[in-house]
Each structure stands twice: as structure tokens, then as C-alpha cells.
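Please load the model in your viewer and keep the selection panel at hand.

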Amino acid sequence: AYLTLSLRGFPNDIHSPQLLRIFGDGNRIETLVVQALAAAGHNVEELDPSTGKQWSFSSHGEHHCANLDGFITLVGSQERMPLEIKSMNRKLFETFQKKGILFSHPKYYDQVQDGMGLARKAGVNVSKCYVIAYCKDNSQFHGEIIEFNEQWFNTLIDKVTDLVLHKNPIRSGSYQKEFACSGCSKRTSCWEPNVQYRACWHCEFAVPHIAHQGK
């Protein structure tokens, strides 16, 4: 239900002050990591020069978007790669170090494959992504280069297509205040149909343009 409502542009609930502080910490850490990478001599392109904003690629009539933290060309390399910056606690950081992002954070792996795939659809020649993590407990860095997996990306796109066309999203919980639903930012949009903000793409009869063709 969360993904379906997100792809159809339903509004989020207002975030708590605590969550907003967490987001703020994440933004500050991202800036710190970019500065550290640049200081080490790596070429970092944080913003899209054509827009002056974060790099963004989309499909399905812009219902589905992937935002990248930038592009990076590592010292001694000529290969330009998407850049993803993550922060995590020590336990997850050590798992990432030992086993890689697919095991420690499978959702991040999906995000990376999705971003690379949409960039390629937009004509950007990328085959790898550089993921760098910042440990919030001791300020360590650890990076991993992820190869593009076209089959994985196509599976993700198929899922997006199914969700964006789905008329009856499946909820995780059976009532609004159940634990499975209590932390979801789409809770009000999901359980209270008379949401304050309405748009044409919320309608059950709206059919988004499917931009992805073929496998």
C-alpha cells in the first residue's frame, strides 16, 4: 500500500520533530562525506548542471523517480559512476563491511540498481555505482562498487508497473493504529479517503503512462 500510494502521489503525513532531526543529520552527513571525497582528490558532481538540483531520473510518466546523491570519478580511474551516500549505526556498518550492501541493506541495493537502470534509460552510460557508508558511532567510512544487474532492474520495473496500475493496495495492518501501520507516512492517505490534497492521478480510473518498454 505504501508503494502504491507513493507512486500515485498521495501526500505524506506530517513528520515528527524527531524524524525531521534525523533527516537533518542525514543531510549534514552527506555534505561531510562529499567534502571528504573531494578533499581526497575524487571528482564529485553533486548537482545536475542542467537543473542546479539533485540528479534525478524517472519512468512511468514521472510517477517513479530515482534521485542520486551525485556522480563520482575515483582517483586513478576514468569511469564515472553514480554516487550513493548512506549513514548507519556501527552494527549495520560492520555487516556492510563484511558482507556487502546486498546483505546488510537489501533495500539500498534495490535503490542502487533502480537508479543505475533509470539513468541508463535516460542515455547515461553507467555500469557501476559507488556506495559509501558513514558510521554514526565512530565516523568511519567504507565504500563498495556495485555492478549493474539488468535482470534485477527489470524485476524492479515490473514491480513498479504492477503497483502503479494497482487499484486496491494491500495494507500491512488491519486497522490504522496497528504497529504495522503506525509508523507509515502514508497512513492518513491509506485509511482516510477524504484527504485534504487531491489530484487527478489519485483517481482509481487514472491510468499512468508506462514509459518502460521491453526487457
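Begin with helix α6, where Phe-153, Asn-154, Leu-156, Ile-157, Val-160, Thr-161, Leu-163 and Val-164 are buried. The coordinates belong to a predicted model.

**Helix α6 and its surroundings**

Select residues 150-165 to display the whole of α6, a helix of 16 residues. From its first C-alpha to its last, α6 reaches 23 Å, close to the 22 Å expected at 1.5 Å a residue. Then move to the start of α6 and show Asn-149 and Gln-151. A side-chain oxygen of Asn-149 reaches to within 3.2 Å of the backbone nitrogen of Gln-151.

**The whole protein**

The protein contains eight helices and eight strands, and 37% of its 215 residues count as buried. Among contacts between residues at least 6 apart in sequence, 65% join residues at least 24 apart.

Select Ser-185, which is found in the loop between α7 (179-182) and α8 (187-191). Is Ser-185 buried or exposed? Its relative accessibility is 16%, so Ser-185 counts as buried. Setting aside residues up to four places away in sequence, Ser-185 touches Tyr-2, Pro-11, Asn-12, Asp-13 and His-15. With Asn-12, the contact is polar and runs from side chain to side chain, at 3.2 Å.

**Asp-13 and Arg-187**

Asp-13 lies in the loop between α1 and α2 and Arg-187 in helix α8, so the pair ties together parts that are 174 residues apart in sequence. Asp-13 is buried, at a relative accessible area of 16%, whereas Arg-187 counts as partly exposed at 24% relative accessibility.

**Further salt bridges**

A search of the whole structure finds six salt bridges. Among them is the pair to select next, Glu-84 and Lys-86, whose side chains meet at 3.7 Å, N to O. Glu-84 counts as buried, with 2% relative accessibility, and Lys-86 is buried as well, with a relative accessible area of 12%.

Continue to helix α3 (residues 90-99) and select Arg-90 and Glu-94, which both lie in this helix, four residues apart, about one turn. An α-helix has 3.6 residues a turn, so residues three or four places apart point the same way. The side chains of Glu-94 and Arg-90 meet in a salt bridge (3.1 Å, N to O). Glu-94 is partly exposed, with a relative accessible area of 32%; Arg-90 also counts as partly exposed, at 45% relative accessibility.

Ile-22 has its place in helix α2 (residues 17-39). At 47% relative accessibility, this residue counts as partly exposed.

Key
Residues are numbered from 1 along each chain as its sequence is written. This is a predicted model: local features need pLDDT of at least 70, side-chain atom pairs count only at pLDDT 80 or more; totals for chains, interfaces and linings use all residues. Side-chain values use heavy atoms; hydrogens and water are left out. Helices (H or I, at least four residues) and strands (E, at least two) are DSSP runs, numbered from the N terminus. Buried means under 20% relative accessible area, exposed over 50%, partly exposed in between (1.4 Å probe, protein chains only). Contact means heavy atoms within 4.5 Å. A polar contact is a pair of N or O atoms within 3.5 Å; within protein, one must be able to donate a hydrogen and the other to accept it, and residues adjacent in sequence count only if both atoms are side-chain atoms. The expected span of a helix is 1.5 Å times one less than its number of residues. A salt bridge is a side-chain nitrogen of Lys or Arg within 4 Å of a carboxyl oxygen of Asp or Glu.
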